[in-house]
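This report describes the fold of a structure and the contact between its chains. The sequence and coordinates are shown first, and the description follows.

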Amino acid sequence: MDPINFNFLCSEPAMPNGRSVGIIGAGPSGLAATGYLSCLGYQVEVYDKLPKPGGLMLFGIPGYRIPKERIDLGARRLERQGGVIFHTHTKICCSGPLHDEEGDHFCREILGFGDMVKKHDAIMICTGSWRSRKLGIPGENLPGVFSGLEFLFPIRAVKYSAPNVKLPDVQGKAVAVIGAGHSAIDVAHSAIHLGAAKVYHIYRRTSREAPCGSFEIEQLKAMGVEWLERSSPVRVLGEGRVEGLEISRPGKDGPETIVLPVDLVVAAIGEVATPPFAKELGLENVRKGEVRWLHMTAIENVFVAGDALSGPSKIGKAVYSGLRAARSLANWLDLKAQDRLDAYDYNDLVANEAGFGRQA
Amino acid sequence: MSCGKTLYIDYSLCIGCETCEYVCRFTHDTSRIHMTRTVDGVMVPLYCLHCENPKCANACPRGALKKDKDGAVILQPMLCRGCQTKNCILACPHSAMFETDRGVMVAKCDMCAQRRQVGMGPACVEMCPCAAIRYVDRDEIPSLETEKSKQAHQKVLEHLKMPGK
């Protein structure tokens, strides 16, 4: 299989231009930006907490959807052709306490952000969305309750022999999956492959509205998954561990509650962006749609792209955002070198572009 | 004898991530490949198949659509300009001619003609994480098809079909 070509904008590497850029996060947006900048002759160094570049393309989305070697070889091509340096197992400190986000247990080295800003001519933050959304119901902190990422991540990560990662134990157990996005579908598939005795799939609306589409749901049903629509979780039951999940669904005379006898609950209901130093970098404006094309006002040589900027989205949007941010970064450095920063378009608002900014 | 190059998408491999669309948009400003989905959730990137006998070219009253040496169906803007029939858009069975609000108001894939001139392939193909879109010789396609890809293709055809036809 041909590797993915992050250097797709050039047929051969450019002469080194003497500038160095640090990219934090080796997911789709980070690697797209890396490809763009290395094509222009930048020395790009990429930092990622995980053992391999690829981000959620490698660690979140199952291998039968995105072939691992296509991403792996693509990263190697960046190293060989573009002279990119990858620092894996490395986290740039810190948006929250360590081990607060999925994948933190891989970190071997923690670098301070201040040193980064001094070391490189510019920094791009492409840290994505790694904090799982919570259900907000009683009992959700019991052992046996997982987020979609918590559940899926170790399945891929366990292959990279991290001592703290182990496969979720679902052999012979009953699992309740909540949500109807693609990762919820992947959780249900994985639970069955790992030998779950029974899988319930709970969704608050119907399969017609499901983001993953009814085709995927029909396939799940054919695999023996029990599909419960128009149902919402009310509380997780159990002492010391999960023993059941109480759900509410429409009955003959108004809503009724039933208890599912499950040992695990997986809430695959989405993630939120986890940019480091959100406050210092003014990222709270992200959600208000006031973000300029990828130029950070608070620290002028720090740029941001991908999910960290605009919240969880698709790979394509992340790639586009990484490319736009990289172009913006290169423009800024070029103009700065010529002492012409007043020509830089600081007012290129993300929100001005149709279909961008917030989720449609 | 080769009958030219084309793009081929295996719909059963596509996860609908929209990388093709956004890479195209970055490369050409207006994207020439568009992600849609069928009612039941199969992801369908609408794209030009650079047909051997292109209906768009046959329908064009000005001869603005021509095949280039590699087999790509190319839109020649200076001939297209001013035409209001939009015959090409109506004629395309793959919904791969796009109406836009810029230039000649029609956008279509040229298999990255400028990139091909300097020895590079179509950008979408380079960046698809799933290798679902390929840049191939047309006669290679039968050997790429699988049971799953044919099934998915059938679903897509039903999705694209005009109601009542």
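## Sheets, helices and chain contact

Strand β13 (residues 244-251) of chain A is joined to β14(A) by 7 bridges, and the two run antiparallel. Helices and strands are named here from DSSP runs (H or I of at least four residues for helices, E of at least two for strands), numbered from the N terminus. The model is predicted: local features need pLDDT of at least 70 and side-chain atom pairs count only at pLDDT 80 or more, whereas totals for chains, interfaces and linings use all residues. Residues are numbered from 1 along each chain as its sequence is written, and chains are lettered from A, with ligands numbered from 1, in the order in which they are written.

Strands β12, β13 and β14 of chain A, in that order, form an open antiparallel sheet. Its edge strands, each pairing on one side only, are β12 (232-237) and β14 (254-260) of chain A. From one strand to the next the twist averages 25 degrees. Two strands count as paired if DSSP finds at least two bridges between them. Within this sheet, L245(A) has L260(A) of β14(A) as its bridge partner.

Chain A has 9 helices and 17 strands in total. Of its 360 residues, 48% are buried, a term that requires 20 or more other C-beta atoms within 10 Å of the residue's own; 12 or fewer make a residue exposed, and values in between partly exposed, with C-beta atoms placed from the backbone. Among contacts in chain A with a separation of 6 or more, 68% link residues 24 or more positions apart. A contact here means that the C-beta atoms of two residues, placed from the backbone, lie within 7 Å.

A second open sheet in chain A is parallel and has 5 strands in the order β8-β15-β9-β10-β11. Strands β8 (145-147) and β11 (226-228) of chain A are its edges, each pairing on one side only. The twist averages 20 degrees from one strand to the next. Helix α5 (residues 148-157) of chain A packs on this sheet, where it touches β8 and β15 (264-267) of chain A, and its direction makes about 80 degrees with that of β8(A). Such angles run from 0 to 180 degrees between N-to-C directions, and the axes are lines fitted to C-alpha atoms, for helices over the stretch in contact. Inside the sheet, 5 bridges connect β9 (residues 174-178) and β10 (residues 198-202) of chain A, which run parallel; A176(A) stands opposite Y200(A) in β10(A).

Helix α6 (residues 182-193) of chain A has 10 of its 12 residues buried. These buried residues pack against α5, β9, β10, α7 (214-222) and β15 of chain A. Just after α6(A), G195(A) takes a positive phi of about 95 degrees.

The largest nonpolar core has 141 residues, and A33(A), M124(A), V175(A), V177(A) and V266(A) touch the most other members. Helix α9 (residues 315-337) of chain A supplies the largest share, 10 residues. A nonpolar core is a set of buried Ala, Val, Leu, Ile, Met, Phe, Trp, Tyr and Cys residues joined through C-beta atoms within 7 Å. Beyond its neighbours within four places in sequence, V175(A) contacts V170(A), A191(A), A196(A), V199(A), V262(A), L264(A) and V266(A).

Between the chains, 22 residues of chain B are in contact with 24 residues of chain A. On the chain B side, α1 (19-28) and α6 of chain B each give two or more residues, and α1(B) gives the most, with 6 residues. Helix α1(B) is largely enclosed by the rest of the structure, because 9 of its 10 residues are buried. The cover over these buried residues includes α9 of chain A together with β2 (34-37), β3 (43-46), α6 and β8 of chain B.

Most residues other than glycine have a negative phi.

| Residue | Phi | Location |
|---|---|---|
| D29(B) | near 70 degrees | follows α1(B) |
| K86(B) | about 55 degrees | loop between α3 (77-80) and α4 (87-91) of chain B |

K86(B) is partly exposed, with 13 other C-beta atoms within 10 Å. A131(B) is also partly exposed, with 17 C-beta neighbours inside 10 Å.
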